[in-house]
Amino acid sequence: MIKPAAYQNMYAGKILDMILSNGFRIAAIKVLNLTSAQAAKFYEVHKERPFYNDLVKSMTSGTILAAILEKENAVEDYRTLIGATNPANAAEGTIRKYFGESVEKNAVHGSDSDENAIIEASFFFAELDRV
Ligand code: ADP
Ligand code: MG
């Protein structure tokens, strides 16, 4: 996902360019506005965390871009490409280093395991949306 602040700041093209030039294939893509209930469900694993309500609010503050990315070793390689959760700690050359404003507005989401990638992909996309 490209998060609302990054999308609103017109970073989607640059972020997708980094993703494509690092060997990922886009298997599905769309822009949408999440409802609070949808954002709350997506981030349900974090519901006991102190930042949960702010995170849900932030993710519903504007349009997001959701995509399914494919590559050998996609989860690990994508997490390397995006960098640390807090952009202040993200390595040079990473998406969060370039485009993140804060830990909450950290430009992009990435799945943390193959298992969660499958769950998250089917949260946003139907089988027929994929190529
Ligand atoms: P990641 O997105 O790197 O997988 P997490 O799964 O731990 O990170 O957290 C999910 C999202 O919650 C983060 O991308 C970030 O936007 C937000 N978040 C995480 N930790 C904090 C925090 N301490 N304060 C505010 N927001 C946070
Ligand atoms: Mg995570």
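**Close-up 1. Surroundings of serine 58 in the predicted model.** Serine 58 touches Pro4 and Glu104, residues up to four places away in sequence being left out; contact means heavy atoms within 4.5 Å. Serine 58 belongs to helix α4, residues 52-59 (helices are DSSP runs of H or I with at least four residues, numbered from the N terminus). Serine 58 counts as buried because its relative accessibility is 11%, the limit for buried being under 20% relative accessible area with a 1.4 Å probe and protein chains only.

Close-up 2. The residues around ligand 1 are Lys3, His46, Phe51, Leu55, Arg79, Thr85, Arg96, Val103, Glu104 and Asn106, each with a heavy atom within 4 Å of the ligand. Polar contacts are pairs of N or O atoms within 3.5 Å. An oxygen atom of ligand 1 lies 2.8 Å from a side-chain N or O atom of arginine 79, and a polar side-chain atom of histidine 46 is 3.0 Å from an oxygen atom of ligand 1. From glutamate 104, a backbone N or O atom is 3.3 Å from a ligand oxygen atom. Taken alone, ligand 1 exposes 530 Å², of which the protein buries 77% (Shrake-Rupley method, 1.4 Å probe).

**Close-up 3. Valine 75 in helix α5.** Valine 75 is part of helix α5, residues 74-82, and counts as buried because its relative accessibility is 16%. Beyond four places in sequence, valine 75 contacts Ser111, Asp112, Ser113, Asp114 and Ala117.

**Notes.** Residues are numbered from 1 along each chain as written, and chains are lettered from A and ligands numbered from 1 in the order written. In this predicted model local features need pLDDT of at least 70 and side-chain atom pairs pLDDT 80 or more, while totals for chains, interfaces and linings use all residues; side-chain values use heavy atoms, without hydrogens and water.

Conventions: Helices (H or I, at least four residues) and strands (E, at least two) are DSSP runs, numbered from the N terminus. Buried means under 20% relative accessible area, exposed over 50%, partly exposed in between (1.4 Å probe, protein chains only). A polar contact is a pair of N or O atoms within 3.5 Å; within protein, one must be able to donate a hydrogen and the other to accept it, and residues adjacent in sequence count only if both atoms are side-chain atoms.
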